[in-house]
Amino acid sequence: MNNNYTQNPMFPESNSQIGSSLEPYNTPNQQTAPNINYNDAYNENILRANIGKIATFYMTFTDSVEWRDKSFTGIIEEAGRDHVIISDPKTGKWTLLVLLYLDYIEFNEPINYPSMQQARIR
């Protein structure tokens, strides 16, 4: 028998106990925190800012032996929180890719990046 094993671990009874111990880490320093809208940097928003461009999506399907690593190239048509829809003008084929499997994306031209556009406006 392992005497180091705790059968009934002690947990705080309310979130207020947890919050008070972590509060310094959750409160940003208003004087040094940059004024950046981090929501703009989500994959969904970056992909939406580049609708109409050709991109190659590199994906890994860990549970598949046949399709472990695969790339898809096409025009970005639409983007959602967890997916992107691309089309191939040569074949007329449209593909919905689930971003859960996404490793990275390559573009052959400069991309539109939402926070870079905001920085240029200022």
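This note sets out numbered points on a predicted model of a protein.

1. Overall make-up. The protein contains three helices and five strands. Read from the N terminus, its elements follow the order α-α-β-β-β-β-β-α. Of its 122 residues, 20% count as buried.

2. Contacts along the chain. Among contacts between residues at least 6 apart in sequence, 47% join residues that are at least 24 apart.

3. In soluble globular proteins, nonpolar side chains tend to be buried together. Here, the largest nonpolar core has 14 residues, and the members that touch the most other members are L47, F57, M59, I76, V84 and L97. Four strands each supply at least two residues of this core: β1 (54-60), β2 (69-79), β3 (83-88) and β5 (102-107).

4. F57 within the core. F57 is one of the core residues that touch the most other members. With neighbours within four places in sequence set aside, its contacts include L47, I76, V84 and L97. The residues in contact with F57 also include K70, S71 and F72, as well as I86, L102, Y104 and I105.

5. The salt bridge. Side chains of opposite charge can pair when their charged atoms come close. How many salt bridges does a search of the whole structure find? The search finds one. It joins the side chains of E44 and R48, with a distance of 3.0 Å from N to O. Both residues belong to helix α2 (residues 43-48), where they are four residues apart, about one turn of the helix.

6. Exposure of the two partners. Is E44 buried or exposed? E44 counts as buried because its relative accessibility is 14%, and the limit for buried is under 20%. R48 counts as partly exposed, because its relative accessibility is 43%.

7. The β3-β4 hairpin. Strand β4 (residues 93-98) runs antiparallel to β3, and six bridges join the two. Within this pairing, D88 stands opposite K93 in β4. The two strands form a hairpin with four residues between them, and G92 in the turn has a positive phi of about 80°.

8. L96, V98, L100 and Y101 make a nonpolar surface patch of about 390 Å². Y101 lies in the loop between β4 and β5. Y101 counts as partly exposed because its relative accessible area is 33%.

9. Neighbours of Y101. Which residues are in contact with Y101, leaving aside its neighbours within four places in sequence? They are Y58, M59, T60 and F61. Y58 is 43 residues from Y101 along the chain, and the C-alpha atoms of these two residues are separated by 8.5 Å. M59, another of these contacts, is also listed among the core residues that touch the most other members.

10. A buried loop residue. N50 is found in the loop between α2 and β1. N50 counts as buried because its relative accessibility is 0%. Beyond its neighbours within four places in sequence, N50 is in contact with I76, F107, I111 and N112. One of these, I76, is also in contact with F57.

Definitions and conventions:
Residues numbered from 1 in each chain as written. Predicted model: local features only at pLDDT ≥ 70, side-chain atom pairs only at ≥ 80, totals over all residues. Heavy atoms only, no water. Core = buried A, V, L, I, M, F, W, Y, C linked by side-chain atoms within 4.5 Å. Buried < 20%, exposed > 50% of the residue type's maximum accessible area, 1.4 Å probe, protein only. Contact = heavy atoms within 4.5 Å. Salt bridge = Lys/Arg side-chain N within 4 Å of Asp/Glu carboxyl O. Pairing = 2+ DSSP bridges. Patch = residues over 30% accessible without salt bridge, like charges linked within 9 Å, V, L, I, M, F, W, Y side chains within 5 Å. Areas by Shrake-Rupley, 256 points an atom, 1.4 Å probe, with all protein chains shown as cover.
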